[in-house]
Amino acid sequence: MSGGIVVDVPLAQTGEGIAECELLKWFVKEGDEIEDFQPLCEVQSDKATIEITSRYKGKVAQFLYAPGDIVKVGETLLKMVVEGAQVPILKDVTENIDSHCSEGEVKKSTTCGVLSTPAVRHLGKQYNINLNDVHGSGKDGRVLKEDIIKHAIQKGIIKDSSGFENVDSGDQFLRGEEDCLFVPAELGSHCDDKTIPLRGFQRAMVKTMSMAAKVPHFHYVEEINCDALVELKESFQNNNTEPGVKHTFLPSLIKSLSVAISKYPWINSCFNEDSMEVILKGSHNIGIAMATPSGLVVPNIKNVQSLSILEITMELLRLQQLALANKLNPEDITGGTITLSNIGAIGGKFGAPILNLPEVAIIAIGRIQKVAHFADDGNVYPVSAMTVNIGADHRVLDGATVARFCNEWKKLIEKPELLMLLMR
């Protein structure tokens with residue numbers, strides 16, 4: 001591109017309160033011609049996964065980050081060569097990239113001005129090697145993987161190149177190494193420890209659970225007869241007219257939970273510790289904890305009080321599909337008022353959930369299973385039973401309130417025909 005200039009493409013603000021994101025992958029390569037609004041990369045904050053698009057039409061000159069890196073909002077993701085008419089004149093493309101970096105930038109980024117691939121820069125970062133100190137043997141002084149290995153051996157960082165044999169690119173970070181396989185001791189094989197940085201949703205969970213651990217919790221446990229719920233689900237499925245929709249227990253549990261909340265609104269509140277105020281939430285935005293390949297995420301179904309069971313089913317399916325594809329929107333994850341954790345979907349019977357602040361209640365439901373119950377005359381009969389465990393913020397809720405709320409929810413589950421009287 002004759003007469004072009006080099007511009008920085010920073011990580012823009014992707015949402016309120018987001019200070020940094022993890023770079024998941026690049027959609028382009030160095031040297032690619034880019035159209036304006038073309039997707040450049042995918043990043044993940046602690047709230048959602050977002051595509052970053054180009055604000056310019058031009059050519060990719062240099063990546064400054066590799067997949068797996070944490071990028072702070074405002075930092076430069078990549079450099080592009082664009083026509084001068086698009087932006088204020090910065091530097092001519094023919095100038096050396098080294099001169100484009102100020103002294104402060106060089107101190108901030110150890111790779112600024114060094115020709116190398118993102119994989120090599122990621123490798124240098126793993127071993128705390130400043131690429132400016134490495135002699136590049138590639139074309140135009142480009143630093144290669146072999147140069148990193150040689151430098152590390154010379155500086156005593158490693159004794160030989162064996163430590164680098166399986167380290168190639170940022171793809172390894174995304175894939176993870178193969179699990180250590182059991183081998184007989186006489187073979188003399190050795191499995192190395194593996195350090196895995198916590199990113200995205202997992203990184204967010206560290207912060208939220210650490211804060212939640214400081215809140216005084218108490219738990220209330222109850223067993224609920226689900227015979228009628230089982231029959232209701234089977235009836236929904238047998239009379240299903242929606243293609244691609246599979247009816248489960250969860251939507252009915254969500255709707256009955258909302259109806260019970262209407263009678264006990266303090267369960268659906270949040271606590272402001274600074275002002276010592278409790279906000280009773282008018283909308284029932286019920287969060288559903290979901291285990292995904294990217295970690296635990298809690299999207300919420302908005303305004304459950306106004307939705308039918310079928311509408312809840314459809315919305316739950318949408319959120320599950322987005323969560324598995326790591327494509328949840330920020331609005332899907334924010335604004336929750338109470339959380340439901342379905343450990344029974346995996347196989348658990350009982351769990352003690354931790355609050356999802358600033359919510360004041362979280363409910364873990366176990367799997368529905370047949371158990372033996374005794375009738376008043378001493379006869380034994382089978383029951384489809386489910387254990388629920390309600391975790392509550394004891395600064396806001398007391399045991400009596402939670403017990404009465406649970407009794408109301410239990411009544412609606414055991415006699416779902418009562419929902420007909422109370423649903424709007």
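Predicted model: local features only at pLDDT ≥ 70, side-chain atom pairs only at ≥ 80, totals over all residues.
A salt bridge, as I use the term today, is a side-chain nitrogen of Lys or Arg within 4 Å of a carboxyl oxygen of Asp or Glu. By that rule the count comes to 11 salt bridges, and one of them joins the side chains of Lys29 and Asp32, at 3.9 Å from N to O.

Residues are numbered from 1 along each chain as its sequence is written, and side-chain values use heavy atoms, with hydrogens and water left out.

Let me stay with that pair for a moment. Buried will mean under 20% relative accessible area, exposed over 50%, and partly exposed in between, with a 1.4 Å probe and protein chains only. Lys29 counts as exposed, because its relative accessibility is 55%, whereas Asp32, with a relative accessible area of 24%, is partly exposed.

Now to the sheet. Helices (H or I, at least four residues) and strands (E, at least two) are DSSP runs, numbered from the N terminus, and two strands pair if DSSP finds at least two bridges between them. An open sheet of four strands has the order 5-4-2-7, and its pairing is antiparallel. Strand 5, residues 49–53, and strand 7, residues 70–72, stand at the edges with a single partner strand each, so one side of each has no neighbour in the sheet. From one strand to the next the twist averages 45 degrees, where axes are lines fitted to C-alpha atoms, for helices over the stretch in contact, and angles run from 0 to 180 degrees between N-to-C directions. Strand 4, residues 39–44, runs antiparallel to strand 5 and is joined to it by five bridges, and Val43 stands opposite Ile50 in strand 5.

Next, the interior. By a nonpolar core I mean a set of buried Ala, Val, Leu, Ile, Met, Phe, Trp, Tyr and Cys residues joined through side-chain atoms within 4.5 Å. The largest such core has 46 residues, and those with the most contacts inside it are Ile254, Ile288, Leu340, Ile363, Ile365, Phe405 and Trp409. Several elements each supply at least two of its residues, including strand 9 (217–225), strand 16 (338–342), strand 17 (361–365) and helix 11 (399–414), but the largest share, seven residues, comes from helix 8. Apart from this core lies another, of 25 residues, among them Leu11, Leu40, Cys41 and Tyr65.

Which residues does Leu340 touch, not counting those up to four places away in sequence? With contact taken as heavy atoms within 4.5 Å, Leu340 touches Leu250, Ile254, Leu257, Ile286, Gly287, Ile288, Ala289, Ile363, Ile365 and Trp409.

The expected span of a helix is 1.5 Å times one less than its number of residues, so the 14 residues of helix 8 should span 20 Å, and the 21 Å between its end C-alpha atoms agrees with that.

Glu408 counts as buried, because its relative accessibility is 8%, and Lys263, Glu408 and Lys411 are linked in a network of salt bridges. Glu222 and Lys410 form a further salt bridge between their side chains, at 3.7 Å, N to O, and here the partners lie in strand 9 and helix 11, 188 residues apart. Glu222 is buried, with a relative accessible area of 18%.

A cis peptide bond, with omega about 5 degrees, joins Leu357 and Pro358, and Pro358 is found in the loop between strand 16 and strand 17. Asn303 has a phi near 55 degrees, a positive value in a residue other than glycine, and is partly exposed at 32% relative accessibility. Asn326, in the loop between helix 9 and helix 10 (330–333), has a phi near 60 degrees, again positive in a residue other than glycine, and counts as buried at 14% relative accessibility.
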